[in-house]
Amino acid sequence: MFDYSSQRVQDVALTSTAMRLSVLLTDPKSWNCIADDACKDANNAVKNLVQFIGSKRSGLYNCIRKFICKLKAPVSRQESVSCQTDDRFLIVASAITLSLRPFHLINMDTNDNGMLECAVEQYCVSLLTIPWLPQRLPAILVPALRHKSVLSPCLRTSLISKEKILKEISEMDQLDITSRKMPHVGWLLANTVCLATGSFTSSLDSGKFTEGLDYASYIHVVILLADNLLASLENFGRMTRNTEELQAGNDTSAESVFHMDETTCGFSNLFYMDLFKPIFQQWHLKKLLAFEKDASGSGTDNLPSTNQQYSRKCGLLDVAYYYSCMLQLFSILNPLLKSLPVLNMLSFTPGFLFSLWGELEKSLFQQKKHIVNSKSLYANAISGDISDGVSDGRQKRFGKDTGYKWANVLQKITGKPPTENVFVDSVNSSSNFSQTEEDPSDMWDIEPLRRGPEGISRDIACLLLLFCSTYSHLLLILDDIEFYEKQVPFTLEQQRKIASMVNTLVYNSLSRGVTPQHRAIVDSAVRCLHLLYERDCRSKFCHPSLWLSPGKNNRMPIAVAARTHEVSSGADGTASSSMGSVITTMPHVFPFEERVKMFREFISMDKVSRRLAGEGTGPGSRSIEVVIRRGHIFEDGLQQLNSLGSRLKSAIHVSFVSESGLPEAGLDYGGLSKEFLTDLSKVAFSAEYGLFCQTSTSDRLLIPNTTARYLDNGIQMIEFLGRIVGKALYEGILLDFYFSQVFVQKLLGRYSFLDELSTLDPELYRNLMYVKHYDGDVEDLSLDFTVTEESLGKRHVVELKPGGKDISVTNENKLQYVHAMADYKLNRQILPFSNAFYRGLTDLISPSWLKLFNAITFGGDHDIDVEDLRKNAQYTGGYSEGSRTIKLFWEVFAGFEPRERCMLLKFVTSCSRAPLLGFKHLHPAFTIHKVACDAPLWASFGGQDVDRLPSASTCYNTLKLPTYKRASTLRAKLLYAINSNAGFELS
């Protein structure tokens, strides 16, 4: 075999001559010069030569493989002597010509299909597995490989002889088992996609399929090869982890275990995944979807009649299989962007998402099978009983692109005409829930999904994977106007069905345990579930019972669930058991009250384990003694407690020093500790201190102040505040502060998206919505990718992306601008402060405990349950439930406005909120203490009543109430006291 690296001119010339002679001898036209009576013998000789070339005995394809593997950059780019370049090109061209000779035997009046099949198998195994095959060859030769007379037999033979071809390719990998190079089946896949789509060149032929391509065979072959490659990657990754898992810091992800740029064919900017670029372009998907279902015109006559089954119709399910495989490949082999390019394309291809949902809705909600009985061509690559096949559902028709209007894009995604976008107010739709049956949870428990992925067919699993992945990606940028008012891409009724589908699937998957082969579908369903649930929490579109329905009949008791979760949790707080996974992944299947009880159970278990470990939690030698000056409560607390970390769980004994410098009398039995924590948080969270500020919304929620970074030890102080809040949660002490939902999202480890900006900065949100839906030319607004901040009297320009100050916002990139601005305000800007607060908080509160709640449930009701408070109140000093003044008090309290009731509660307990589980969990209990005052008996009817004001001892949640005789006096004195912003000093 000629060594391409040889520099001797004589070797090049000799080899070139021999190769040209071989080409001439195998070309029937070259024998035209002989006598007519010898033509038949000449043709037979040519056929025999070509048949020999196609046989394994010749070894031709192996020789050509070895030759081409030594080619670097295309011949036309090599710098060499002119005669050498010409001869070398002829050698390459002759080799390719000889390899393709058997494909044209059909034109030689021969019926030796067995020989053709053998030659095509060798061509696929030996040549199409060459890394960067099209890139190694001169561009002028590649169209010959792309021609339908070559590509179509390769595709169909790959399906007919798939076991044999894959076995031979696997044997090639076994010869180099220690190598970290891409498996040969990976190069067969890449070269097939490359040749079918023209992605190897930037010429005008790029961006369209090979003319006359058998689309059905192309799709099935890609699925077959992708499945096999995924299995190879999984096996190799498992072997690598087994041998290297003991090495600290070792990265065993697929992109690290394989040298993806093992050879760049002379181009430093080429990477393996570059060969798959057409796959995330819309023309590729649209062409597959628009493909005529009967493949009679795609050259099936080249195959034996017994193999006509392999030229099947191509339906939506085939396309779904194709792209679900691609999603998994991109996730593994595209380390930077993962599957993002594919998801972007799928999300914005008109009608595709709507078509996927149509198939799922028909299968899961109408109990109708939508798959034929033909056996799947690629069943061997996936374990399990597969009798699925291809959907015969009709494709949706797509509209044409009508411009840049976002609403129009979403109209197309919906597959619905604009007239179907009826405005439905989310509040009105949520009010309809009360008109439904009392407990409609059974209707939301989808029966086909009750066994998780194990109970559904492979076809449904494929559709679910692709739908959940694509829709969760679209939900990231879908704003509330589009979701609730325009109802694109789905109506609210369809959204409820989707929510119930993923809710049921995730619950049953986690409760039964997720197997490795189902990990991808469960992960995609979890992402979709979280996005829908968070949106529903923000603005209701689902009945509350929908989220509870999967676990309604088989939820564990609270104590058992809590203990199971704690036992199964690892050191990092991740749960390994099925119930532990349910609790941390989808705690919303437990009613809110049960989650609060579970949270308290976690803390009780932690306190018990600390006592057993010898760490005291009550008065004693292990308690923390602190001395706090009234005028320096935050500074003293920071200095004495910040370094304790998790030891702050121990009991704190506080001794106060008055403003005059004298120690205050009294022993701390819990009341002074509570007072210390509430007073410290009151100081630290005030706007004057500069660590936190209030949002511009009407509820004035707390958010970290971005100027805190300029304060001395600002980040350290915010971390200390996290510990103080953690201590309050640990001890069950209510703090009268409400954090912004955006900030809480960060503490829960969750990303915030565009619509949550309305809870932080409504004006900025409205402006961004104006830009997003702007009908004209956005460049007229003179925007760029920057944001201006003002701190300490100075203005700072921050770029939203590298070089942002030089990038104008246009109609093409306005979505990028809107989401980049939202991302900066919601995530990037407050992340350092959130991380600091989180570090302090998790010193006392386990992250897995926090995951029981979402940002919405961290808030509370803005009214007091009067009956609950009265039922759990206690009376001292001579009062009882039947005392006249007590009866007057509850009468007056019930008549207060909600805001006044909250103010009274804050006056007594220092917090305007009720405990999450009701007042029976308020410690110490709400107490009314009798303050005896002299007043004449007739004060009940008129005359002078008690003049003394009520007072409070917030340490002990005690209201000191004088013995008023009239309701009017009691009401006036209470309102005066609670509005004077004073308590103990009124005594």
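**Entry 1. Ser834**

I began with Ser834, which counts as buried because its relative accessibility is 1%; buried means under 20% relative accessible area, exposed over 50% and partly exposed in between, with a 1.4 Å probe and protein chains only. The model is a predicted one, in which local features need pLDDT of at least 70 and side-chain atom pairs count only at pLDDT 80 or more, while totals for chains, interfaces and linings use all residues. Residues are numbered from 1 along each chain as its sequence is written, and side-chain values use heavy atoms, with hydrogens and water left out.

I located Ser834 in helix H33 (residues 831–841). Helices (H or I, at least four residues) and strands (E, at least two) are DSSP runs, numbered from the N terminus. I then looked up what Ser834 touches, contact meaning heavy atoms within 4.5 Å. Leaving aside residues up to four places away in sequence, Ser834 touches Phe743, Lys746 and Leu747.

**Entry 2. The chain as a whole**

I noted 38 helices and 10 strands in the chain. Of its 987 residues, 54% are buried. Among contacts between residues at least 6 apart in sequence, 76% join residues at least 24 apart. The chain exposes about 44500 Å², and carbon and sulfur atoms supply 52% of this area; accessible areas come from the Shrake-Rupley method with a 1.4 Å probe, and for residues only the protein chains shown count as cover.

S1 runs parallel to strand S2 (residues 652–657), and 6 bridges join them; two strands pair if DSSP finds at least two bridges between them. In this pairing Ile624 stands opposite Ile652 in S2. With helix H27 (residues 633–641), S1 and S2 make a right-handed β-α-β unit. Right-handed means that, with the strands pointing away from the viewer, the path from the first strand over the helix to the second runs clockwise.

**Entry 3. A sheet of four strands**

I recorded an open sheet of 4 strands in the order S7-S8-S10-S9, with mixed pairing. Its edge strands, S7 (874–876) and S9 (951–953), each pair on one side only. Neighbouring strands of this sheet are turned by 25° against each other on average, direction ignored; axes are lines fitted to C-alpha atoms, for helices over the stretch in contact, and angles run from 0 to 180 degrees between N-to-C directions.

Strands S8 (residues 927–931) and S10 (residues 958–962) pair in the parallel sense over 5 bridges, and Thr927 stands opposite Thr958 in S10. Helix H37 (residues 898–909) lies across S9 and S10 and runs at about 55° to S9.

**Entry 4. Backbone details in loops**

I looked up two cis peptide bonds. One joins His923 and Pro924, with omega near -10°, and Pro924 is placed in the loop between H37 and S8. Another joins Val488 and Pro489, with omega about 5°; Pro489 is in the loop between helix H20 (480–485) and helix H21 (492–512).

I also checked Trp132, a residue other than glycine with a positive phi, near 60°. Trp132 is in the loop between helix H5 (113–127) and helix H6 (133–136), and counts as buried because its relative accessibility is 0%. Ser782, also not a glycine, has a positive phi near 55°. Ser782 is in the loop between helix H31 (762–772) and strand S5 (786–791) and is exposed, with a relative accessible area of 66%.
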